[in-house]
Amino acid sequence: MTSPTLASLLKLPVSSLLDVSRSVLRDLLASTYDVVSEEIVVAGQPISFARVRSSSVLIDAITSESFAVDERLPYWSELWPSSVILAEHVAQTGICRRARVLDLGCGLGLTGIVAASNGGMVHMTDYEYDALVFTAHNIATNVPTDRRKDISLECFDWRSSAIPSGIFDIVMGSDILYERRNFVPLLQVLDASLKRDGLALFSDPDRSAGAEFLALAKRNGFRISSKTHTRDSTPPRIMIHSLQRSASDTGD
């Protein structure tokens, strides 16, 4: 494709963002946000991320009118501990190798990037277009060119968007089990997109709301196992929850 200018990039569909150079993406982000780079280490591998310097600035800019529309907050602008822990789990277990992976609420893209770097074919989704621009930049920074062909992006609202049925081996998300109004739509996404013998992975800081979602998932035919990861910082506990359909629901 023709190399886009910064102005034309604003009109590009999400599916085209992975065709844009890292420098152009960086310029686009810097035109709107105070962008900084941060390096973290996941399972011994350094990963460099562009992110917003201060998410509090974004929160302060939200008007009461815009918040009332959808209670929309810039959660995507933070690199949350739950995302780091889930990324480490993906890297250490190799669970995404040769798997089709759906990443829900990808934010800055960490878990999806690690899944792709470890052999997964990853469809990364978020509700916010700007989050996916950051994700595209971070993919260009960290994922080898030959692995990027196995990554796709989609702006996706769990509550209203259709998603392909029965094609993902793994569905994963970090820090997305906090709004009770989204629990039923999230289960509907799992029903529509997860293979009958597939695996869902969710990480969260042991919120009570997360426990409510897991109870609902169990009532809807999922077997659940959870593992606690303790940390020396806040929050002190991160949980990774594994969900699989009961044998009777998989046809076994």
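This report describes the sheet, the helices packed on it and the aromatic pairs of a predicted model.

Residues are numbered from 1 along each chain as its sequence is written, and side-chain values use heavy atoms, with hydrogens and water left out. Because the model is predicted, local features need pLDDT of at least 70 and side-chain atom pairs count only at pLDDT 80 or more, while totals for chains, interfaces and linings use all residues.

**Sheet**

Helices (H or I, at least four residues) and strands (E, at least two) are DSSP runs, numbered from the N terminus. Two strands pair if DSSP finds at least two bridges between them. Seven strands form an open sheet with mixed pairing, in the order 5-4-3-6-7-9-8. Strand 5 (151–155) and strand 8 (222–230) are the edge strands, each pairing on one side only. From one strand to the next, the twist averages 15°; axes are lines fitted to C-alpha atoms, for helices over the stretch in contact, and angles run from 0 to 180 degrees between N-to-C directions.

| Strands | Sense | Bridges |
|---|---|---|
| Strand 4 and strand 5 | parallel | five bridges |
| Strand 7 and strand 9 | antiparallel | five bridges |
| Strand 8 and strand 9 | antiparallel | nine bridges |

Individual bridge partners can be named for each of these. Strand 4 covers residues 121–126, and His123 has Ser152 in strand 5 as its bridge partner. Ser203 stands opposite Ile240 in strand 9. Arg223 is bridged to Gln244, also in strand 9. Strand 8 is joined to strand 9 by a hairpin of six residues. Buried means under 20% relative accessible area, exposed over 50%, and partly exposed in between (1.4 Å probe, protein chains only). Seven of the nine residues of strand 9 are buried, so this strand is largely enclosed by the rest of the structure.

**Helix 10**

Contact means heavy atoms within 4.5 Å. Helix 10 (residues 208–219) lies across strand 7 (194–204), strand 8 and strand 9 (237–245), and runs at about 155° to strand 8. The expected span of a helix is 1.5 Å times one less than its number of residues. With twelve residues, helix 10 reaches 17 Å from its first C-alpha to its last, close to the 16 Å expected at 1.5 Å a residue. Its buried residues include Ala209, Gly210, Phe213, Leu214, Leu216 and Ala217. These cover an arc of only 160° around the axis, which puts them on the same side of helix 10; the arc is that of the directions from the helix axis to the C-beta atoms. An α-helix has 3.6 residues a turn, so residues three or four places apart point the same way. The face turned away from the buried side of helix 10 carries exposed Ser208, Lys218 and Arg219. Helix 9, strand 7, strand 8 and strand 9 are among the elements that cover the buried residues of helix 10. Just after helix 10, Gly221 has a positive phi of about 95°.

In helix 2 (residues 22–32), the residues Val24, Leu25, Leu28 and Leu29 are buried. Seen down the axis of helix 2, its buried residues fall within an arc of 135°, so they line one face of the helix.

Helix 5 has 13 residues and spans 18 Å from its first C-alpha to its last, close to the 18 Å expected at 1.5 Å a residue. Its buried residues are Ser82, Ser83, Val84, Ile85, Leu86, Ala87, His89 and Val90. They are covered by elements including strand 1 (35–42), helix 6, strand 6, strand 7, strand 8 and strand 9.

**Aromatic pairs**

Rings of Phe, Tyr and Trp (its six-membered ring) pair if their centres lie within 6.5 Å; planes under 30 degrees apart count as stacked, over 60 as edge-to-face and the rest as tilted. The structure holds five aromatic pairs. One of them is the tilted pair of Trp76 and Phe134, at 5.5 Å centre to centre and 45° between the planes. This pair links distant parts of the chain, 58 residues apart: Trp76 is in the loop between helix 4 (64–70) and helix 5 (81–93), and Phe134 is in helix 7 (residues 129–142). Trp76 is buried, with a relative accessible area of 9%, and Phe134 is buried, with a relative accessible area of 0%. Tyr33, Trp76 and Phe134 form one aromatic cluster.

Phe183 and Phe213 form an edge-to-face pair, at 5.4 Å centre to centre and 65° between the planes. Phe183 lies in helix 9 (residues 183–193) and Phe213 in helix 10, so the pair ties together parts that are 30 residues apart in sequence. Both Phe183 and Phe213 are buried.
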